[in-house]
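Could you take a look at this model with me?

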Amino acid sequence: MSEVLNKRWSMLVLLFLTRLSMGFQFQSLGSVGHDLVSGVGLSNFQLGSLIGLFMLPGLFLAFPGGYLGSYFRDKSIISFGLMCLCGGGLIVVASNNFSIMALGRIVCGVGFVLTTMYFSKVTIDWFEGRELATAMGILIISWPGGIALSQAIHPLVSLEVGWRGAVSTASIFCLGSAVIFYALYKPPELIQPHSKPIKQESKLSKEEWRKTILAALSWAFYNAGYLVFLSFAFLALIEIGVSTLTAAAALSFCSFLIMLSIPLGGFLADKFSLHEVIVFVSSFIGIVSLLLLPLGSFWLTFSFLFGAFGMSGGGIIIALAGQAMSANRRAFGMGILQTIYFFFAAVSPIIAGWLYDYVGTSKFALAFAASLFFFALLTYYFFMKTCKN
C-alpha cells in the first residue's frame, strides 16, 4: 500500500512540474509586453488580443475535447498539447507580424485546452477517493506558479537577449515537459472500481441549468479579472515610474502569494465553514487593490494585498461546479461550464487592451478587472441564494 501511495504522489509531482510550463508560456507575452509595444510596435489592444487568443480555442474544443480519451492515451493527448504550446510559442518568436503571432497564440491555445482537461482527468484517475481535494488543489496552483516564474525570469531574459529569447525559453520548457511527461508518466495501477458505472446524460434540469450557469459565470468572471491583472499590471507599474526589474519582482512575489492563498482559503473555508465570508472579504480586497494599484501611492502594499488575500476565494468558487449538477450529468454540465469560462477568458484581455488604448492609461484596464471581480462575487451570491431556496 505504501508503494502505491508513493507512486500517487510521485505522479502528482510530475504533473505539477510539467504543468508549470502552461502558465510559463501563457504569461510570456505579458511579461515582455512593454518590449512588444515599444519595440515591435503592437498596440495595447493587439497585445491584449494576443493574450486573449490563448483562451479562444477553448470555446470550440472544451466540450468535444472530452471525447478524445476514447481514442488516444491520456499521456499522448497531454504530450501533444504541450507540443502545441511549444510550437505556438515558436511561431510567435519567428514573426513581427500581428496576424502570424495571433496564429501562434491560437496554436498555443489548442494545447492549453487539451492539457487543462487531461491534467485534471489523470489526477482524478490517480486520486479518486484518496486525497483528491488536496491533489487537485496542488495541481491548480501550478498555473499561477508558472506565471510567477515567467514574471520573474522573462523580463530579465528580455533585457539580456531580447523578447524573442525570452519567449523561446517558454517553448523550450514546454518541449522538455512534453518529452519528460511522455517518458515518465504511468497510468494508475490501482483504481477503486465502481460497483456500477454511472451512465452520463446529455441534459440538465431547469434547476441545474440555473446553477451551472451561475457557477460558470462566477468562475469565469473571477479568472477573467485575474487575466486582465496579469496582462496589464506590469504596464501599470511601469506607467507610474516603477523600474522594470522592481515591477517584475513585485508581481512575481504577488503570484507566489496567490499560490499559497488559494489552497489556504479553501482549507479555512472547509475547516471553519467560512465559505461566503472568505469569498466576500477576498473579493473586496481584490477590487480595492485593483482600483488603487495604478494610482501610484502604496502600489507595493496593494500588490501584496492582492496576492495574499485578493485571490483566496478561488478554490471556493471553482467548488461550485460540484454543487451545480448531479454526477450522472457532470460531463455535459462541465462542458457548458468550461465553454462559458473560455469565452470570458478570451474576450476580457481584448476589452481591457481596447480600454487602455482608448483612454491612454492603465487605470481603466485595471478598473475593468475590478468590475469582473465584482461580478464574480455577485454571481457567487446568487448561486448561494439559489441553493438556499
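This is a predicted model: local features need pLDDT of at least 70, side-chain atom pairs count only at pLDDT 80 or more; totals for chains, interfaces and linings use all residues.

1. Residues are numbered from 1 along each chain as its sequence is written, and side-chain values use heavy atoms, with hydrogens and water left out.

2. Let's start with Leu292, which sits in helix 12 (residues 275-292); helices are DSSP runs of H or I with at least four residues, numbered from the N terminus. Leu292 has a relative accessible area of 31% and is therefore partly exposed, a class lying between buried (under 20%) and exposed (over 50%), with a 1.4 Å probe and protein chains only.

3. Beyond its neighbours within four places in sequence, Leu292 is in contact with Ser297 and Phe302 (contact means heavy atoms within 4.5 Å). The C-alpha atoms of Leu292 and Leu366 lie 9.0 Å apart, though 74 residues separate the two along the chain.

4. Next comes Val277, also placed in helix 12. Val277 counts as partly exposed because its relative accessibility is 49%.

5. Do look at the pocket lining too: Val277 is one of the residues lining the second largest pocket, among them also Ser261, Ile285 and Phe309. Helix 11, helix 12 and helix 13 (299-310) each supply at least two residues of this lining, and helix 12 gives the most, with 5 residues. A pocket here is an open set of points on a 1 Å grid over the protein atoms alone, with protein on both sides within 12 Å along at least five of seven lines; lining residues have an atom within 4 Å of a point.

Methods. On a 1 Å grid over the protein atoms alone, a cavity is a set of points where a 1.4 Å probe fits but cannot get out, and a pocket is an open set with protein on both sides within 12 Å along at least five of seven lines; lining residues have an atom within 4 Å of a point.
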